[in-house]
There are 2 protein chains.
Amino acid sequence: MTDQTPQARLERAKEASRATAALTSADKARVLEAIALALLADAPRIIEANGRDISRGQQDGIGESLIDRLRLDEKRVAALTAAVREVAALPDPVGRVVGGHRMPNGVALEQVRVPFGVVGAIYEARPNVTVDIAALALRSGNAVVLRGGSAAHDSNAVLVDIMRAAVEGAGLTAEAIQTVDDFGRDGAKALMHGRGFIDVLIPRGSAGLIETVVTESTVPVIETGAGNVHIFLDETAPDDWARDIVVNAKVQRPSVCNAVETVLVHRQAAPRLVPLVASALESEGVAIHGDDMVVGLMSNVIPATEEDWETEYLSLDIAMKVVDSLDEALAHIRRYSTGHTESIITTDSRNAERFLAEVDSAVVMVNASTRFTDGGEFGFGAEVGISTQKLHARGPMGLSELTSTKWLARGSGQTRG
Amino acid sequence: MTDQTPQARLERAKEASRATAALTSADKARVLEAIALALLADAPRIIEANGRDISRGQQDGIGESLIDRLRLDEKRVAALTAAVREVAALPDPVGRVVGGHRMPNGVALEQVRVPFGVVGAIYEARPNVTVDIAALALRSGNAVVLRGGSAAHDSNAVLVDIMRAAVEGAGLTAEAIQTVDDFGRDGAKALMHGRGFIDVLIPRGSAGLIETVVTESTVPVIETGAGNVHIFLDETAPDDWARDIVVNAKVQRPSVCNAVETVLVHRQAAPRLVPLVASALESEGVAIHGDDMVVGLMSNVIPATEEDWETEYLSLDIAMKVVDSLDEALAHIRRYSTGHTESIITTDSRNAERFLAEVDSAVVMVNASTRFTDGGEFGFGAEVGISTQKLHARGPMGLSELTSTKWLARGSGQTRG
C-alpha cells in the first residue's frame, strides 16, 4: 500500500464508513467473529512479528514496563480474541432511540444513535489497542484509521493485515480498517488535520502524546488516559482499607493510568497510617517520595520535590504528603490532578460526600481502589480509553461513546408560523 | 476592568465556577430572575447603547440583514427577559443520575450530570446571544466567558454590566460572568488557548468565524450553526407541500442558519414544480440561481455557478438544481451540505426512509420546513446554538448539552483482584 498517500487512506475510510454505517447488528457481529477466528488462526504469525518488536525494544533499552506493554504471547492473543468476541456480543448502540417527542404542530421528532463515521486513533506501545479499537469502531458502525507506536510497528502491521483480510472475507470492504503507520510522522499529521474525514480522534498514551494531539489537531479530539491519580487517607481511614487500597492501587499494575501516584494523609492520622502504608508499599518494592513529615516518620524515604506532585510515575514509585485537612487535600488535588480518578478513604460520611461533590475528576471514589476505573470493570466490554475531558465522554468509554446522534423529523407539510 | 489581562478573567471565571457548581437549582432560578428583573429595569439603557451600535453599523454600511440581527428594541428586550425566565423554569440537568449499577464486588457506581465548569462563547452580531448564553450557562451551573462581535460592542458591554450587577445582588459572585470584549483579538485568542480554564468553547456566527475557532483552538470546541441547508423535491412531492415548505424555509427568516439555501428538484417533477415553486419564491422577492434546466423553465433566473452550490446566502437568494434521481440528490448533499439540516418532500415512503438513513446531518426531515431546527421549536427553551459536529452534541443544544457527567464510586474497602 506504499503507493498511497495518508490522505487517500482517509478518503477510503470515509467512503467505507457509508458501508459500515449501513450494516445491521448481525452483520457487524459476523464481521467481528471473522476477525476473532483470523487472529486465532494467525497467532503464530502475530507472535513472530511481536518478537521482532520485542527484540528491537530490548536492543533500544526501552525498559521493562514498556516491554511488558508491548508483549503479545499466546495467552494475550487469546485474550485479544476473547475481547473481540465480547465486543461482538455487546448490545449495538446504533439505532437506539434516545429521545423524541411530537411537536405541537404534529411533527414527530426522534433522536437516534448513529455511528460517528470515521474514528481515528493515535496510540503508543500496546498492540492490543490496534485490535480493541478496530473491534469497537466496527461494532459501533464506524470505519477506523489507526496510527500505532513505532515500537509495535511489526505487530500492528500484521494485526491490521489479518483484520483487513478477515473483514473482506466477511463481505465488508477491507477499507473500513486503515493504518497510516507506514507514513511515520506524516500519518499522524494527516489524522490530526483530517477535517471532513476524521469525525473523532482518540489519542492513547503518554501525557506528551496526548498534549501534542490535543494542541495540534483541528479535528475533534477526546483526551484520554493521563492519570496523576490521588488517594486521600482521611483522619478516620481504617488501617486495613488504607493499606490494602493504596497497595492495590499502586502495585497491581503500576504501568497503567489508573494506578495511584500520590497519597495524601491527614495530619491526625499520619503517625498511625504513614508507617503502616509505607512499609506495606516498601515490602512490595515501591520507592516512596515523601514530604518532610513523611521523611520524619520513615527511613528510606526520598525527599519529594515539586516535580513529584506533578509526575505520573507509571512505575513502582509513589509520592506521599501529609495535609492538615480535607480542604488542603482538595486544594492539592485541584492543583495537580489530571482529572482521571481520585479516591478518599474515610468513614466520615460528610467528608466522603464533600469529596465526591468537589473533586472535579472523571471518576471520584470513596473507599475503593482507583484501579477500578476501567471499561472492563465498569462492564463495558473492551475499552476505547478513559476520557479525562468533559466534552462528549468522561471516564471509561465503551461502545456508546463511539456513536453520535441525529434527529429525524417526520412531518406532513408543516411550516413555521 | 481595563487593568486586567484576558488570562486574569479566565482565572476568575474558573474560580467562580466552583461557586456556580455548588448552587442549588433554586439558587440558580433566583439568580436568573434577578437578571431578568435587571434587564427589564434597565431596558432604556440597553436600547440607548444598542442605538449607538446601530448608528455605527449604518455608517459602516453593514447591510440590512445584519442591522436586523443587531437591533434591540423594547419588544426584543422583553423577549430576552422572557427567554431568561424560560431558562430559569427549565428542569435543572445538574445532579440528574444518568446511569449506574453495582459492580459484582459491591462497589456502587453512579453516573451523574455535572456542570462543565467554564463555558466560553465567541459570537457575532446578535447581542441577545450575550444574555441567552449567560442564562443557559448559569442555569446549568457554569461560569461563562463571553466574546461578542465588535458590531454589538456597546450593547454587549451594557448587557454584561447589568447581568454582573444582578448576579452579585443575588448573592453569587459577579465573576461568574466575564467578557473579554475589551481586549479585541487578544480576548478571542485567550479563549481559544485557555486550556485548563475553558472547558468548552462555542463559536456562533459565520462559517469563517467558526472555521477560525475550530482550527485555532486548543480547548474543546462545539461547532455550531453554519447551515448550507438543502430541500429535495422528490418526484412525488405534492404541489402545496413543495411550494409552502420551500417558501417558508427561505423567506420566513432568511438571515438564520436553518433557512434553506439550495433546492434540488427531481427531473420528472421539474416541469411541474420548478415554475410553481420559483414563481412563489419570486413573488416574495427571492432571487433564483438555477442550473441550465431551471434557466430553461423560467425567465429571470440567474445562471448558477459552482459557488452557488457552496454558498450559505443568508439572504433572499436561493440555488435551484434539477437532479436525475434520489441518488444524485444524496450525492449532491453529501458534497455540499454542512451537516445542519436537510429535508425531503415526498410521499414515497421508501425514498423518505432512505433519505432519513443516508443523509448525514444533525437534523434530517421529511415533509417539514427546515426552519424547525431550533432549540425553541424542539422544546429546549433558549438555545445555545445548533451543533453541526458529531462529538458531544448534534443539532439544537439545550441545557443538558452544557453539562458533562462524572462517575461516583462508593465502596467499602474493595481492591482489584
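Is B:L314 buried, partly exposed or exposed? With a relative accessible area of 24%, B:L314 is partly exposed, where buried means under 20% relative accessible area, exposed over 50%, and partly exposed in between (1.4 Å probe, protein chains only). This residue is placed in the loop between α13 (306–310) and β11 (317–323) of chain B, the helices (H or I, at least four residues) and strands (E, at least two) being DSSP runs numbered from the N terminus. B:L314 has a positive phi of about 55° although it is not a glycine.

The model is predicted, so that local features need pLDDT of at least 70 and side-chain atom pairs count only at pLDDT 80 or more, while totals for chains, interfaces and linings use all residues. Residues are numbered from 1 along each chain as its sequence is written, chains are lettered from A and ligands numbered from 1 in the order in which they are written, and side-chain values use heavy atoms, with hydrogens and water left out.

**Chain A as a whole**

Chain A has 15 helices and 16 strands. Its radius of gyration, taken over C-alpha atoms, is 24 Å, close to the 22 Å that the globule rule gives for 417 residues, so chain A is as compact as a globular protein of that length; the globule rule is 2.2 Å times the number of residues to the power 0.38. The C-alpha trace of chain A spans about 70 × 65 × 35 Å along its principal axes. Of the 417 residues in chain A, 59% are buried. Among the contacts in chain A with a separation of 6 or more, 72% come from residues 24 or more positions apart, contact meaning heavy atoms within 4.5 Å.

The accessible surface of chain A comes to about 14800 Å², and 51% of this belongs to carbon and sulfur atoms; the areas come from the Shrake-Rupley method with a 1.4 Å probe, and for residues only the protein chains shown count as cover. Chain A carries 41 positive and 57 negative side chains, with the centres of the two sets 8 Å apart. Here Lys and Arg count as positive and Asp and Glu as negative, whereas His and the chain ends are not counted, and the place of a charge is taken as NZ of Lys, CZ of Arg, CG of Asp or CD of Glu.

**Salt bridges**

Side chains of opposite charge can pair when their charged atoms come close.

| Pair | Closest N to O distance |
|---|---|
| A:K14 and A:D199 | 3.5 Å |
| A:K28 and A:D92 | 2.8 Å |

A:K14 forms its salt bridge with A:D199; A:K14 lies in helix α1 (residues 6–22) of chain A and A:D199 in the loop between α8 (185–192) and β6 (200–204), so the pair ties together parts that are 185 residues apart in sequence. A:K14 is partly exposed, with a relative accessible area of 22%, whereas A:D199 is buried at 13%. Both residues also belong to a network of salt bridges that links A:K14, A:D199, B:D360, B:K390 and B:R394.

A:K28 pairs with A:D92 in a salt bridge, and this pair links helix α2 (residues 25–41), which holds A:K28, with the loop between α5 (74–89) and β1 (97–102), which holds A:D92, 64 residues apart. A:K28 and A:D92 are buried.

B:R9 counts as buried at 0% relative accessibility, while B:D182 is partly exposed at 36%.

**Individual residues**

A:E342 lies in strand β12 (residues 341–345) of chain A and counts as buried at 0% relative accessibility. Leaving aside neighbours within four places in sequence, A:E342 is in contact with residues including A:N228, A:H230, A:F355 and A:M365.

B:A135, in helix α6 (residues 128–139) of chain B, counts as buried at 3% relative accessibility. Not counting residues up to four places away in sequence, B:A135 touches B:L32, B:V84 and B:V87.

Notes: A salt bridge is a side-chain nitrogen of Lys or Arg within 4 Å of a carboxyl oxygen of Asp or Glu.
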